[in-house]
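Good morning, and thank you for coming. I would like to take a few minutes to go through one model with you; please look at the sequence and the structure as they come up.

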Amino acid sequence: MNQLCPCGSKNTFDKCCLPFHNKTSLLQTPEQLMRSRYSAYAVKNGTYIFDTYAKEKQAANAIEDIQNWANETKWVSLKIIEKSRVDNGSADLPTVTFCAKYLIKSTLFQMTEKSRFIKEDQRWKYLDGDIINHDKLGKVKANEPCPCESGKKFKKCCG
């Protein structure tokens, strides 16, 4: 049985975000792009993250830096808070607001961001985002519930 997709969709990775990573499926919405980028961080696919930046942002985001950040972190949960409607006639860029939790060693962090997306060459790209909050939640102890919400103790799961 295949693993569940890290993006929290409840679908398996091979049926959810992996086809986007492998470029065998085209992203249809900004939410799919945001989820697939989160999954790319979770599976440590820095190239995909780089490739899905808007062209104007790629120079400021080196693949090596992206990969190093992905390697340092263990992404444990993603919640979609709000997504705007995609309206091709609107001057407003589509947005997705999300909350993500990640670990660096055994320290848990939570970040909430409102991300903006554009279409380049008929493909959705991540333009930028406003970080609403970024909090250090503290150390997770071995016998505490895992922050990934698996129901297991931290030491038996993400620890």
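Predicted model: local features only at pLDDT ≥ 70, side-chain atom pairs only at ≥ 80, totals over all residues.

Let me begin with a question: over the ring of which residue does the charged end of R37 sit? The ring is that of Y53, and the charged end of R37 lies 4.5 Å from its centre. By a charge over a ring I mean NZ of Lys or CZ of Arg within 6 Å of the ring centre and within 35 degrees of the ring normal.

Residues are numbered from 1 along each chain as its sequence is written, and side-chain values use heavy atoms, with hydrogens and water left out.

I turn now to the sheet. Helices (H or I, at least four residues) and strands (E, at least two) are DSSP runs, numbered from the N terminus. Four strands form an open sheet in the order β1-β2-β3-β4, with antiparallel pairing. Its edge strands are β1 and β4, the latter covering 123-139, and each of them pairs on one side only. From one strand to the next, the twist averages 20°. Here, angles run from 0 to 180 degrees between N-to-C directions, and axes are lines fitted to C-alpha atoms, for helices over the stretch in contact.

Let us walk across the sheet, strand by strand. Two strands are said to pair if DSSP finds at least two bridges between them. β1 and β2 pair in the antiparallel sense over eight bridges, and W75 stands opposite Y102 in β2. Next, β2 pairs with strand β3 (residues 107-120), again in the antiparallel sense, over 10 bridges. Across that pairing, Y102 stands opposite F109, F98 opposite E113, and T97 has K114 as its bridge partner. The hairpin of β2 and β3 has two residues between the strands, and K105 there takes a positive phi near 60°. Finally, 14 bridges join β3 to β4, which run antiparallel; E120 stands opposite R123 in β4. This hairpin also has two residues between its strands, and D121 takes a positive phi near 50°.

Strand β2 (residues 95-104) is largely enclosed by the rest of the structure, because eight of its 10 residues are buried. In β3, 11 of the 14 residues are buried, so that strand too is largely enclosed by the rest of the structure.

Helix α5 (residues 63-72) lies across β1 and β2, running at about 60° to β2. Helix α2 packs on the sheet, touching β1, β2, β3 and β4, and its direction makes about 170° with that of β1. Contact here means heavy atoms within 4.5 Å.

α2 has 14 residues and reaches 20 Å from its first C-alpha to its last, close to the 20 Å expected at 1.5 Å a residue; the expected span is 1.5 Å times one less than the number of residues. The helix is mostly covered, with 11 of its 14 residues buried; among them are R35, R37 and Y38. R35 has a relative accessible area of 17%, and its contacts, not counting residues up to four places away in sequence, are C7, G8, S9, C17, L78 and I80. After α2 comes K44, whose phi is positive, near 65°.

I close with the aromatic residues. How many aromatic pairs does the structure hold? There are eight. Rings of Phe, Tyr and Trp (its six-membered ring) pair if their centres lie within 6.5 Å; planes under 30 degrees apart count as stacked, over 60 as edge-to-face, and the rest as tilted. The rings of Y38 and W75 have centres 5.8 Å apart and planes at 80°, so this pair is edge-to-face. The pair links distant parts of the chain, with Y38 in helix α2 (residues 30-43) and W75 in strand β1 (residues 74-83), 37 residues apart. Both Y38 and W75 are buried. F117 and Y126 also form an edge-to-face pair, at 5.9 Å centre to centre and 70° between the planes, and both of these residues are buried. Lastly, Y38, Y41, W69, W75, Y102 and F109 form one aromatic cluster.

How values were computed:
Buried < 20%, exposed > 50% of the residue type's maximum accessible area, 1.4 Å probe, protein only.
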